[in-house]
Protein chains: 2
Amino acid sequence: MAYTQYYTPTHVYFGRETEKLAGEVLKEHNAHKVLIHSGSGSAEKSGLLDIVRKSLRDNGINFVELSGVKPNPRLSLARQGIEICKREKVDFILAVGGGSVIDSAKCISYGSLYDGDVWDFYMGKHVERRIPVGVILTLSATGSEMSNSSVITNDEKTPNDKNGSNNDLGRPVFALMNPELTYSVSKYQTGCGSTDIMMHTIERFFHKGPNLEVTDLVAASVLRSIIDNTEIVLEKPNDYDARANIMWAGSLSHNGLTNMGYESTGDWACHRLEHELSAIYDVAHGAGLAAIWGAWANYVKDTCPQRFATLGKLVFGVEDADYAIKAVVDTFKSFGMPTNLKELGIDATDKVCRMLAEKASLNGKKTLGNFRILETEDMFKIYKAAK
Amino acid sequence: MAYTQYYTPTHVYFGRETEKLAGEVLKEHNAHKVLIHSGSGSAEKSGLLDIVRKSLRDNGINFVELSGVKPNPRLSLARQGIEICKREKVDFILAVGGGSVIDSAKCISYGSLYDGDVWDFYMGKHVERRIPVGVILTLSATGSEMSNSSVITNDEKTPNDKNGSNNDLGRPVFALMNPELTYSVSKYQTGCGSTDIMMHTIERFFHKGPNLEVTDLVAASVLRSIIDNTEIVLEKPNDYDARANIMWAGSLSHNGLTNMGYESTGDWACHRLEHELSAIYDVAHGAGLAAIWGAWANYVKDTCPQRFATLGKLVFGVEDADYAIKAVVDTFKSFGMPTNLKELGIDATDKVCRMLAEKASLNGKKTLGNFRILETEDMFKIYKAAK
């Protein structure tokens, strides 16, 4: 029996000052001892963490803290969080930050109720239990605030591995989303975030099998809003409505809505090809995606040019495959993104491309993609074309 | 603090044969004794109920049954369900049908864990507890399979009252959605359903305050799909893709997505004005909405013609208020709907319109609407204009 599922249990509170609801909402969820998990200091500097601490104290909720999550969140820090949760009997994790903090929190939430090595869950083991995770979002990008996904970089390996774990227990139980908290995000990080958001829908858009018109139209709506509103915030970073549109589009883009009713969950080859780049070169995920997408699109286009043409029609008003590819690449450029590996700062020699392709395919043991299945040699050619 | 919430916990299983998952999914939700609640016989005749019974038996789940729900579901039948649930210690309700069955199931679910009169919840009392409800959907219309809403007709009053109860405990915990189950829905009922779906988004679209572009675009996508695909199924009732689009659009139209980020939940005056019609004349809800909308739209248009023009632009490609109103009314006509009270079979004399307006406004104690606030006199004029 072929069927698709849609499951987005995250309770979203959206609007100005929603971060102040933290204590109240945690209390509703019967949280007693919370781990406040955050990044490298901006939530402290901005005063956000003080607001959160006050809100928890006002509601009589005890907490411990672990900060220091970096982009491409590291396994080693998550291990520290797991230790804290076990020792302190933490029963709720509050992630205050962007996708890296949320993904790290998810990793901690899996590991805290597990006796084995949490990395197991990033090598395919099924998650059976977790501590619930709530989110205060400060960056519109990964959609992790509603998604079932967590991506962790294993910094105990050389070179680093970057793997994902997808399961419904990874969906945060609530998300407090105040667009104002993203005003301070730099132009570059805004561009990276918007690229990531677009790619979550674009990856879903390209798949084998029939499409649901309503899902195609909703997907195009998400993409159109991201394009329109990123243009605005790159000029006016404090535009509330534009930041709000990007923030909500970011959640919709990765919660399953934009592939609802499709037989597969999407292509995702670009994400896997990019994970090798950010694992090894520690580049921003969005920038890596922008650098690789055009090469992928041109490589796979002939599989079904009509699908690219449909993207062009619905998002850019022109039903033409080549036009659509150029329009997406131009959009990434307008976001200030690199659109090849050189601009990303990687010297993609044949040797480097070969190494990346071997890693992405687990030395030929794994194919990537769904719209078109990629073998190791295809991956090599795409990296080379992205040079 | 002004914020909006988005909360759609319903776990959707979408595709052919998903009704066969009933037992398995109920088991996952720890159901032990289920009330199978259904309509006036079509689920029995089609063999659907036998499939459901078998699925429950195969999974070792006990059940009792209550059928007989009619359109505009009656309080008296729900009371019977509540008695059964209390007597039989039912811990899960499975609604097999369309919105009427689901709404009746929700009413039973509230009343079964309440010592007072369940009608209290339809007079404004807050629901604190409920038996969980799951759904097998056989009609695309009310969106009740994901919504927080239940509307019940109190047939113990003369004339009947029709009231709603909105609360998050009313959201079904799962919905099994097989578009094939809607193949047998008649042209007229399909038209009514599609009108209801459109109206759930149109009611949300018209509200005071700022709009979120992404939500406007998603709303337009839902409307566009309904229009495109209803046209198809009225010709080809067994078109899977078209039925699938309508079914999913029906859920999206009423789960909160199409007003996410708006300051209000929408206008809803037409729904209230229509409830008086279906309470008294027992007309189909969708048909009643189609009969009243044009009159409402022309009456309130001057409040903000631009909002109507935006609807026209996003859904019909023409940014003009009058064009948009005519296009929506023409759409309802093309669905086979009445677009005035006479076509609906109601002789709307001044006396009748006055009576309807008095009832809708609780004898002048209540206003309706949000885009434009309507007093009793406004309601009278709208009923009259819809004559």
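Me: Which residue is the bridge partner of B:Ser150 in β7(B)?
Reply: Strand β6 (residues 149-154) of chain B and strand β7 (residues 161-166) of chain B run antiparallel, joined by six bridges. Strands (E, at least two residues) and helices (H or I, at least four) are DSSP runs numbered from the N terminus, and two strands pair if DSSP finds at least two bridges between them. Within this pairing, B:Ser150 has as its bridge partner B:Ser165.

Me: What kind of model is this?
Reply: Residues are numbered from 1 along each chain as its sequence is written, while chains are lettered from A and ligands numbered from 1 in the order in which they are written. Local features need pLDDT of at least 70, side-chain atom pairs count only at pLDDT 80 or more, and totals for chains, interfaces and linings use all residues; the model is predicted.

Me: How many residues lie between β6(B) and β7(B) in their hairpin?
Reply: The loop between β6 and β7 of chain B holds B:Pro159, which a cis peptide bond joins to B:Thr158, with omega about -10 degrees. The two strands form a hairpin, and the residues between them number six.

Me: Where is A:Pro159 found in chain A?
Reply: Its peptide bond from A:Thr158 is cis, with omega near -10 degrees. Most peptide bonds are trans. A:Pro159 is found in the loop between β6 (149-154) and β7 (161-166) of chain A.

Me: How many of the six residues of strand β4 (residues 92-97) of chain A are buried?
Reply: A residue is buried if 20 or more other C-beta atoms, placed from the backbone, lie within 10 Å of its own, exposed if 12 or fewer do, and partly exposed in between. In a regular strand the side chains alternate between the two faces of the sheet. Both faces of β4(A) are covered, with A:Phe92, A:Leu94 and A:Val96 buried on one side and A:Ile93, A:Ala95 and A:Gly97 buried on the other. The strand is largely enclosed by the rest of the structure, because its buried residues number six of the six.

Me: In which sense do β4(A) and strand β5 (residues 133-137) of chain A pair, parallel or antiparallel?
Reply: A:Ile93 has A:Val133 as its bridge partner in β5(A). β4(A) also pairs with strand β2 (residues 33-38) of chain A in the parallel sense over five bridges, where A:His37 stands opposite A:Ala95. For β4(A) and β5(A), the pairing has five bridges and its sense is parallel.

Me: How many residues does the largest nonpolar core have?
Reply: A nonpolar core is a set of buried Ala, Val, Leu, Ile, Met, Phe, Trp, Tyr and Cys residues joined through C-beta atoms within 7 Å. Among the residues with the most contacts inside the largest one are A:Val34, A:Ile93 and B:Val34.

Me: What rotation superposes chain B on chain A?
Reply: The copies are superposed by least squares on the C-alpha atoms of residues with pLDDT of at least 70 in both. The RMSD is 0.0 Å and the shift along the axis is 0.0 Å, with a rotation of 180 degrees. That is the relation of a two-fold axis. The C-alpha of chain B nearest the axis, 2.0 Å from it, belongs to B:Pro9, and the rotation asked for is 180 degrees.

Me: How many nonpolar residues are on the side of chain B that touches chain A?
Reply: The contact takes 36 residues from each of chain B and chain A. On the chain B side, β1 (4-14), α7 (213-235) and α8 (240-252) each supply at least two residues. Nonpolar means Ala, Val, Leu, Ile, Met, Phe, Trp, Tyr, Cys and Pro, charged means Asp, Glu, Lys and Arg, and the others, Gly among them, are polar. Beside eleven polar and six charged residues, the nonpolar ones number 19.

Me: Which residue of β1(B) is the bridge partner of A:Tyr13?
Reply: Strand β1 (residues 4-14) of chain A and β1(B) pair in the antiparallel sense over seven bridges. The bridge partner of A:Tyr13 is B:Gln5.

Me: How far apart are the C-alpha centres of domain 1 and domain 2 of chain A?
Reply: An automatic or database domain assignment sets the bounds, giving domain 1 (11-181) and domain 2 (186-385) in chain A. The centres lie apart by 26 Å.

Conventions. Two residues are in contact if their C-beta atoms, placed from the backbone, lie within 7 Å.
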